[in-house]
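These are my notebook entries on one protein model, written as I looked things up. I begin with the overall picture and then go to single residues.

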Amino acid sequence: MKLKNIFCGLMATAALTGCSDSFLDTDNLTSKDSSNFPANISDAEEIITGIYRPVMGDSDAPQNNVLFVAELMSDERLGGGGRDDAQPQSVASYMKTSDNQYSGLWGRCYQGIYRCNYLLASDELIDWDGDEETRSRILGEGHFMRAYYYFDLLRLFENVPMPLSPEPVNLPQTPVDEAYGIVAADLLKAIELLPATRHAGLNGVGTDGHATRWAAEALLARVYLFYTGVYGKQSITLPEETGTLEKAAVVAHLEDCIKNSGHDLASKFGDLWAYSAAGDYWLNEKYGYNWLGDCDAWAGWEGKTAGYRDNPEPIFSIKHAYGAQYYGRNLTALFFSPRYQDADNPNSDGDGWGGVYPFGTGWGGGTITPDIWNTWPQNDPRRKASILNVDDPEEMLPDGRHMIYHDNGGHQVEDTHMFNKKYIAINVHSTTMESKDPQNGPGAVALYWYCYPEIMATDNDYMSCNFMDEVAIRFADVLLMHSELTETADGINRVRNRVGLDPVAYSETNLRNERRWELAFEGIRFFDIKRWGQLSLVDAHRSNIECWCDGALRTISVKMRPETNGWLPIPDDEIQKSEGVLKQNSGWGTSEGNFKSPY
């Protein structure tokens with residue numbers, strides 16, 4: 001049996017139920033299919049490109065993005081957005097707007113898995129032309145990404161089927177012990193196959209969006225910590241009686257990454273984020289971040305951000321782009337940015353310096369809960385480098401005025417006046433370029449830009465401009481995972497030293513605090529409190545919060561539903577297509593958890 005059009009199999013259902021019979025057992029004259037593709041290294045590289053595509057997300061729905069979902073389910077975020085934005089508010093409430101709310105997230109993971117399975121099953125069909133090094137790298141990337149997608153599914157849905165070939169089979173959900181064994185085995189294989197290439201700067205490992213040996217070692221530790229924490233185990237049983245993955249082996253892999261990868265902490269914490277690499281002069285000067293040039297004459301992202309892309313800290317990054325493909329942009333930055341707060345917006349005073357410059361406008365999702373701001377030590381510079389508190393008198397415009405923040409922008413709800421700075425729209429200032437944004441009026445010279453002049457000169461959509469990387473794994477996390485596994489303070493204090501903080505002794509409390517402050521708003525906190533058995537913090541830190549909701553000051557509480565145990569619902573469409581083979585997770589029956597907006 002051969003698949004006439006392999007893209008039929010790239011849909012989520014193809015991983016489980018396959019393509020229609022009309023696509024089977026026919027001669028192919030015009031398309032790439034399993035009878036002629038992949039044939040060579042070039043074809044294999046094409047599949048690799050396709051494998052990385054689903055991790056970017058593919059729509060404007062926040063529930064299709066792992067980072068967004070994990071952030072909203074944590075104790076440090078509210079749903080936010082506008083009064084009619086039921087999707088983010090339902091995610092934060094551990095509820096659903098439909099029985100298939102998470103079908104996009106489920107589907108894109110299986111789309112990536114199918115592509116990995118297709119590549120790995122094609123090994124013997126590819127003419128590698130004697131290039132064993134390239135073959136090893138490509139197959140290693142396939143194993144890494146299959147583990148990456150499955151781990152996302154397991155830590156969000158828990159009970160998922162795990163096809164390991166591209167053939168359509170209606171599989172039941174894999175028992176979790178077996179499932180984590182499969183993921184660990186994939187990562188160990190990736191470590192074996194991927195080259196031990198040191199971080200090499202621009203377009204080097206860890207910065208170009210491709211998996212590396214070091215990324216596989218780091219992800220293996222993340223998998224081990226989550227599995228052993230959630231399920232109370234000491235090791236992971238590998239498939240086919242091949243042994244177990246013990247803590248000592250995980251530590252050894254982390255030490256290999258720490259000593260041999262060439263990755264390191266960035267010299268300044270703020271240099272990790274887009275507002276440092278491509279932001280405003282005032283912001284960079286005030287906080288000591290590296291200024292990269294005059295925005296009026298800026299030559300472009302690729303030419304002026306070598307320092308950002310040479311950063312030694314990112315180990316695995318999800319790449320984004322701007323342009324016609326809406327799905328290619330960093331939509332989390334759009335979701336998380338303040339709502340209707342740019343200077344050219346009707347809510348602003350229109351003086352060219354208004355709003356929350358140099359931060360840009362977005363949809364107002366994921367507002368920050370006050371607890372983390374109030375409990376974060378004030379002498380820790382990461383606090384203000386991570387949180388935009390528009391009420392903070394030190395958050396000023398370049399001319400010395402306080403930020404001009406407008407309550408009820410776009411009927412914003414759950415507005416705590418605090419937003420994250422790590423994934424947020426960035427503005428630059430221009431006095432020369434003609435605006436293409438219809439809000440400014442035809443032919444207007446804009447003093448204030450949504451993002452970068454060379455983009456806005458050709459694209460009138462402010463939503464196009466967020467194309468910073470999503471840093472999925474970075475070196476600081478490697479150091480903190482090593483401290484946690486070894487119960488030593490070396491990694492903790494190396495991270496603290498970067499921001500000028502005094503060393504501390506190792507303790508569980510110190511380790512957990514350091515992870516909270518260093519990795520805030522990066523999609524990690526929810527999975528940490530889940531594996532530590534602290535989901536009760538979600539309610540504790542999101543209760544009795546005073547915030548603005550559609551123009552009125554209210555006191556709200558956003559609760560989780562404990563009957564879900566912190567797992568998402570299996571999409572009902574998948575259960576129906578499986579003819580009942582797939583079983584729904586606890587707390588998510590057809591009438592359970594239906595969301596009704598309080599606004």
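Predicted model: local features only at pLDDT ≥ 70, side-chain atom pairs only at ≥ 80, totals over all residues.

**Entry 1: the whole chain**

Residues are numbered from 1 along each chain as its sequence is written, and side-chain values use heavy atoms, with hydrogens and water left out.

For secondary structure I used DSSP runs, numbered from the N terminus, where helices are H or I with at least four residues and strands are E with at least two. The protein has 22 helices and eight strands.

A contact here means heavy atoms within 4.5 Å. Of the contacts in the protein with a separation of 6 or more, 71% are between residues 24 or more positions apart.

**Entry 2: aromatic rings**

Rings of Phe, Tyr and Trp (its six-membered ring) pair if their centres lie within 6.5 Å, and planes under 30 degrees apart count as stacked, over 60 as edge-to-face and the rest as tilted. I found 20 aromatic pairs in the structure. In one of them, the rings of Y180 and Y227 have centres 4.9 Å apart and planes at 35°, so this pair is tilted. Y180 belongs to helix 6 (residues 176–193) and Y227 to helix 7 (residues 213–231), so the pair ties together parts that are 47 residues apart in sequence. Both Y180 and Y227 are buried. I also saw that these two belong to one aromatic cluster, together with Y94, F151, F226, Y231, F526 and F527.

Next I looked for charges over rings, which count if NZ of Lys or CZ of Arg is within 6 Å of the ring centre and within 35 degrees of the ring normal. R155 lies over the face of F527, 4.0 Å from the ring centre, and the charged end of R77 sits over the ring of F336, 3.9 Å from its centre.

**Entry 3: strands**

Two strands pair if DSSP finds at least two bridges between them. Strand 3 (residues 314–318) and strand 6 run antiparallel and are joined by four bridges, and I noted V471 in strand 6 as the bridge partner of S317. Five of the five residues of strand 6 (residues 470–474) are buried, so this strand is largely enclosed by the rest of the structure.

Strand 7 and strand 8 (residues 552–556) pair in the antiparallel sense over five bridges, with E546 opposite T555 in strand 8. Their hairpin has two residues between the strands, and D550 takes a positive phi near 55° there.

**Entry 4: salt bridges**

A salt bridge is a side-chain nitrogen of Lys or Arg within 4 Å of a carboxyl oxygen of Asp or Glu. The count comes to 42 salt bridges.

K189 forms one with E192, with the closest N and O atoms 3.3 Å apart. Both lie in helix 6, three residues apart, about one turn of the helix. K189 counts as partly exposed at 32% relative accessibility, and E192 counts as exposed at 56%.

D380 and R382 meet in a salt bridge of 2.8 Å, N to O; D380 is buried at 2% relative accessibility, and R382 is buried at 0%.

**Entry 5: one serine**

Last, I looked up S483 in helix 17 (residues 475–486). S483 is buried, with a relative accessible area of 0%. Leaving out residues up to four places away in sequence, S483 touches T488, A489, D490, G491, I492, Y506 and L511.

Conventions:
Buried < 20%, exposed > 50% of the residue type's maximum accessible area, 1.4 Å probe, protein only.
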